[in-house]
Structure formats: C-alpha cells, structure tokens
Amino acid sequence: MGDLSQKITGFDLWHLELPVTSRRDHGIGSVEGVCEVVILRLTSEDGSYGFGEASPWSVFTGTPEATFAALNRYLRPLVVGARVSDRAAIMTRAAYAVAHCTEAKAALETALLDLAGRICAAPVWALLGGKCRDAIPLSCSIANPDFAQDIDLLARLQDDGVGIVKLKTGFKDHAFDIMRLEYLAQNCPQFSVRVDYNQGLTIEDAPNQVRDVAQFGPDFIEQPVRSHHYGMMAKLRRLTDVPLLADESVFGPEDMERAAREGICDGVSVKIMKSGGLTRGQTVARMAAAHGLSAYGGDMFEAGLAHLAGTHMIAATPEISLGCEFYQASYFLAEDILEEPFEIKNGQVIVPNGPGLGGTPDVAKLNHYAVSKAVAA
Ligand code: MG
C-alpha cells in the first residue's frame, strides 16, 4: 500500500487542439476541424502522477480558455501542497473557489483519483465504491450533415459489433430527420436507435416534431428544447410513450432535484463534464434512480482520457444502466492521446482493471497538440 499522506507537488496543464475526421452537427452547434480539451497532470512527492481531462464545448458547458484559467489560476493553489488523501476536502473547496467550470473540476477529481489509485495500486472504480460491471454497451452518434458519410460509418459500426446508435436531430430540418429515421428503420433494423435534439427545436415546433419522431419507437428522445424550458420538457413527456431524456437541462445534483420535482424527464444523461466530477455524477445517477428515472453515461467531445474517467464512474454506478457513448477516441479523433487505445470489444467498452485509470496519455502527443501549456521545466 502506497503512502496517500504524501503531498501533491506538481500541477501541469496542456490545452490541446485535436484534429477530427468529420464534421459533427448537433442542435446547438457544430464541431469541425479540431476538438479542444485541457489535460491536467498532478505529481506527488514520490514521483507518482495522475492525469485528468476537461472536455468543454463552448455552446454547452464552457470554453477551453475558461477551463484552463480555472485550473491554472483558481484551483492550482488548493491542490499544490495538499495531501493526496485529502480529495474530498480539495473538491469541496474547488466547488466554491470558482463558479461553474464543471469540466475543470471533473479534470481535477479525475487526476486526484488517478494519482491515488496509482499510489495504492487500485483501479479508480475501486475508489468509487467497487465494480458492478466489466463492460458497458457503446452507443455511437450519427451526426454528420453529409448522411452518405454516416451510412459508411453505420457499416463500420455493424462490422465492429456496435448495437446502439444515437441519431442527432434538429440541426437541419424535420424532413432530414425523418428521412434518416426511415433509412435506419428500413436498412439497419439491427441497431437500437436513440434520438437526441441537443435543444434544437423551438417550443412552437417541438410538440409536432417529437410526436412524429416517437412513431419510429426510438429507445428515447433526448432534450428536444432549450435547457431552461422545464415546462415544455414536462409537456413533451406527457405527449408520448417514448421516454424523454434530459441532458442539457440537468448538469449536477441540484438540477436533478428540480428535474425530478417538476417531472421533466424519464431519464437523464450523466456526464462528469456537467456534474463537475465523478462522485457528483454518481450522485446524479442515484438521485435519478431514487425517483424511478433511468440514467446513461453521456459524454462531450472527448479524448480517451475522459472516456476512461467516465468508464470507471459507470463501472462503479449500477444506476447508470443504459450504456455509454464513449465513441470519439475510436470513431471521431484523427489520433487519440492515450499510449494504448481506449478498449472497445464487440460493441462494448471494456472496464480497465489496472491501477488508477488504467491508461496514460502520451506526453509527446500532449506537447505535439498543445496550443498553450503551463508545464514545469
Ligand atoms: Mg445529449
């Protein structure tokens, strides 16, 4: 057993621009060219290290610049000189040291868990309560405005054994969404289909369009309207028997409480980048379950390091029962940052059993893709 009482001495940051292989359109915006993430490395007195990733998206959670500043200026002083064992105290202080910036807090807790896990040779899932599953069904998003390219992707997903796809809707027009749902129903009956509007509908259009889409019987329909339209979410939920999922409407436990009280959803997307960490993500899922609501493991535009953090959280959280969408490292980035590929087998994400996160970023890649960094010489 390693020494968790040792102090954290190093705090290094990289802001990366990672090239991507296709354009992705969502109801609230697009990603094209690169996706931007911020990587944190903590080092302790005996030379052990732990990594965490923040994966912000400006239209959804926040910006990479704000994430970098939150970590570098406001969270660094709470961490350097603290003991590795003081994770709960550090995260409590972090919650109040800077408002919002949930992706920065997720990166911090990930790095603290990775560091503690490496020091005591335990996987992160063990530090989060133990494991309830060894593999997690993967959902891959269909979000290319050029549907011909997505048809190629569907063939690749089928070859890889992926059984769930999530159709991103509400970024072009209703006819485009219906055409793609018809294509999936006729040509790809082997896939379980989920629909995600990412807030793309107006309150005027939402009732009719959601009713039309529900006719296709998707597993669920996610976040048709803006995050703050709780009343319309509750109304849409009553319009159809297809479960309605909340994503942008529910960031952390505080939103989950209100969402359950106001009856806006049948389930929730749990993301460490929204909740501000893995333990708060677990809290969201447990609150959902206590209200009879389901949960799945969502993500942002992430590299493999954030995927690993989400994988450990889901492995330790039985309430997150609808799978995950950690597809970007394998199906979206031109090159991931991990030394070993993020493991997916037969359409399932494999839960790592090694110490910490069970995977490490390649520092040469961090330096290669960095547009700014704060790294000790
Ligand atoms: Mg979503």
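Reader: Let's start with a cysteine: where in the chain is Cys101 placed?
Author: First, this is a predicted model: local features need pLDDT of at least 70, side-chain atom pairs count only at pLDDT 80 or more, and totals for chains, interfaces and linings use all residues. Numbering runs from 1 along each chain as its sequence is written. Helices (H or I, at least four residues) and strands (E, at least two) are DSSP runs, numbered from the N terminus. On that scheme, Cys101 sits in the loop between α2 and α3.

Reader: Is Cys101 buried or exposed?
Author: Count C-beta atoms, placed from the backbone, within 10 Å of the residue's own: 20 or more others makes it buried, 12 or fewer exposed, and anything in between partly exposed. Cys101 has 25 such neighbours, so it counts as buried.

Reader: And what is phi of Cys101 near?
Author: Most residues other than glycine have a negative phi. Cys101 isn't a glycine, yet its phi is positive, near 50 degrees.

Reader: Asn346 has a positive phi too. Is Asn346 buried or exposed?
Author: Asn346 is in the loop between β14 (344–345) and β15 (348–350), with phi at about 50 degrees. Its C-beta has 12 neighbours inside 10 Å, so Asn346 counts as exposed.

Reader: Zooming out, how far apart are the C-alpha centres of domain 1 and domain 2?
Author: The domain assignment (bounds from an automatic or database source) makes domain 1 out of 8–121 + 363–374 and domain 2 out of 127–350. Between their C-alpha centres there is a gap of 23 Å.

Reader: Which element gives the most to the side of domain 1 that touches domain 2?
Author: Call two residues in contact if their C-beta atoms, placed from the backbone, lie within 7 Å. By that rule, 34 residues of domain 1 meet 33 residues of domain 2. Elements giving two or more residues to domain 1's side include β1 (8–19), β4 (34–44) and α14 (363–369). The top contributor, with nine residues, is α3.

Reader: At which residue does α1 bend?
Author: Helix α1 covers residues 64–79, and its buried residues include Phe68, Leu71 and Leu75. Those buried residues pack against β1, β4, β5, α2 (87–97), α3 and β16 (370–374). The bend (the angle between axes fitted to the seven residues ending at a position and the seven starting there) is about 35 degrees, at Leu71.

Reader: Last one: how is Gly10 classed by its C-beta neighbours?
Author: Gly10 is part of strand β1. Setting aside neighbours within four places in sequence, Gly10 is in contact with Arg41, Leu42, Thr43 and Ala376. Its C-alpha is 45 Å from that of Ser192. Gly10 has 16 C-beta neighbours inside 10 Å, so it counts as partly exposed.
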